Amino acid sequence: MAATESRGKKNENPVENNHPDPVSEFILLGFPCSWKIQILLFSFFFAVYVLTLTGNLCIISAVWWDNHLHAPMYILLANFSFLEMWYVTSTVPSMLSNLLCETSTISFYGCFLQFYFFSMGTTETFFLSAMAFENRYLAICRSLHYPTAMTVQRCIRIGAGCWVCGFSCFLLPVYLISQLPFCGPNTIDHFLCDPGPLMKLSCVPAPATEIICAIFNSVLIFSTFLFITSSYTLVIRAVLKVPSAEGQQKAFSMCGSHLAVVSLFYGSIMVMYVSPTAGNPAGTQKIVTLFYSVMTPFFNPVIYSLRNKEMKKALRKLFRIMRFGQRQPLKS
């Protein structure tokens with residue numbers, strides 16, 4: 001009996017040892033293609049990354065140095081430009097490194113840290129809402145009350161609120177997904193740690209977590225989107241009452257570019273995060289993610305700021321200062 005019990009105890013350990021170990025790192029598949037294509041992709045995305053940083057940094061510098069731009073509209077634009085720089089930096093350097101490596105690994109905690117900072121792109125929804133309310137609704141529909149309704153101090157508080165909401169709102173989805181059991185395989189068919197591919201690697205189905213994340217994303221995205229569209233509905237009604245055709249054209253021109261980017265940004269993130277993750281093929285996920293995480297921040301400086309006459313004037317002065325080595329603030 002003792003020998004039988006001892007043999008039984010010895011047989012229990014191998015069975016326990018057959019359970020796979022938890023995943024300690026992930027492999028990012030990235031863009032599986034030939035070496036020449038990867039070099040072309042590296043060159044293209046590197047150029048886009050540098051131009052994105054340069055364009056947004058120029059906007060921040062112009063707002064900082066030009067006293068005429070110390071106004072709520074441009075303070076929000078400077079915050080928005082800083083967000084875009086942070087946003088692309090959370091993913092593009094890693095993606096560029098992956099294009100030069102045969103296999104790219106990222107630690108478990110590094111993956112979820114990237115997921116968290118990339119998810120701060122939701123901060124953009126708050127800033128787009130604030131810009132629609134301040135730059136469009138108050139400036140057009142409440143123009144007489146604008147100086148008292150939107151002071152610099154109030155604008156700073158609004159910007160701080162956008163940052164706080166961006167830092168805190170995605171903590172729950174990141175925590176829920178990080179608690180899923182990952183025991184292999186550990187290859188993510190993406191160029192970053194995104195919630196959809198991560199949940200597909202879970203050892204057990206997680207429909208509850210997926211539904212919670214989808215509901216969370218839907219509430220966040222649709223609430224801010226409805227706020228923006230409501231603001232623009234009131235703006236359009238006010239513009240249509242303007243008797244001057246030139247005034248209407250100027251107002252619609254100011255709103256059109258912002259609406260175009262809002263539509264493109266929200267359309268892409270709705271495809272990714274509102275629809276169930278299992279329904280998005282890997283190729284579609286990569287293309288849509290590239291669009292709103294790399295290309296949209298690249299175009300935003302042109303669309304939001306460089307078309308603005310005051311901003312272009314401040315940038316020309318800033319370039320003159322950089323060229324001739326002057327260091328005084330831009331005053332006129």
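Me: Where does Trp35 sit?
Reply: In this predicted model, Trp35 is in helix H2, which covers residues 35-65.

Me: Is Trp35 buried or exposed?
Reply: Exposed, because its relative accessible area is 51% and the cut-off for that word is over 50%.

Me: Which residues form a nonpolar patch with Trp35?
Reply: Ile39 and Leu100 do. Together with Trp35 they have about 290 Å² of accessible area on the surface.

Me: OK, strands now. Which residues are on the covered face of E1, and which on the uncovered one?
Reply: E1 runs over residues 25-28. Phe26 and Leu28 are on the covered face, while Glu25 and Ile27 are on the uncovered one.

Me: Which way do E1 and E2 run, parallel or antiparallel?
Reply: Antiparallel, and four bridges join E1 to E2, which is residues 104-107.

Me: And E1 with E3, parallel or antiparallel?
Reply: Parallel, over two bridges, with E3 at residues 187-188.

Me: What does Leu28 pair with in E3?
Reply: Its bridge partner there is Ile188. In E2, Leu28 stands opposite Ser104.

Me: New topic: where does UniProt put the "transmembrane region" feature?
Reply: The unreviewed UniProt entry places it at residues 39-65, 156-177, 214-240, 252-275 and 287-306.

Me: What about 214-240?
Reply: Residues 214-240 are 100% helix and 0% strand, with the end C-alpha atoms 38 Å apart.

Key:
Residues are numbered from 1 along each chain as its sequence is written. This is a predicted model: local features need pLDDT of at least 70, side-chain atom pairs count only at pLDDT 80 or more; totals for chains, interfaces and linings use all residues. Side-chain values use heavy atoms; hydrogens and water are left out. Patches are made of residues with over 30% relative accessible area and no salt bridge: like charges are joined within 9 Å, nonpolar side chains (Val, Leu, Ile, Met, Phe, Trp, Tyr) within 5 Å. Accessible areas come from the Shrake-Rupley method with a 1.4 Å probe; for residues, only the protein chains shown count as cover. A salt bridge is a side-chain nitrogen of Lys or Arg within 4 Å of a carboxyl oxygen of Asp or Glu. Buried means under 20% relative accessible area, exposed over 50%, partly exposed in between (1.4 Å probe, protein chains only). Two strands pair if DSSP finds at least two bridges between them. UniProt positions are given in the numbering used here, feature names are shortened, and annotations may be inferred rather than shown by experiment.
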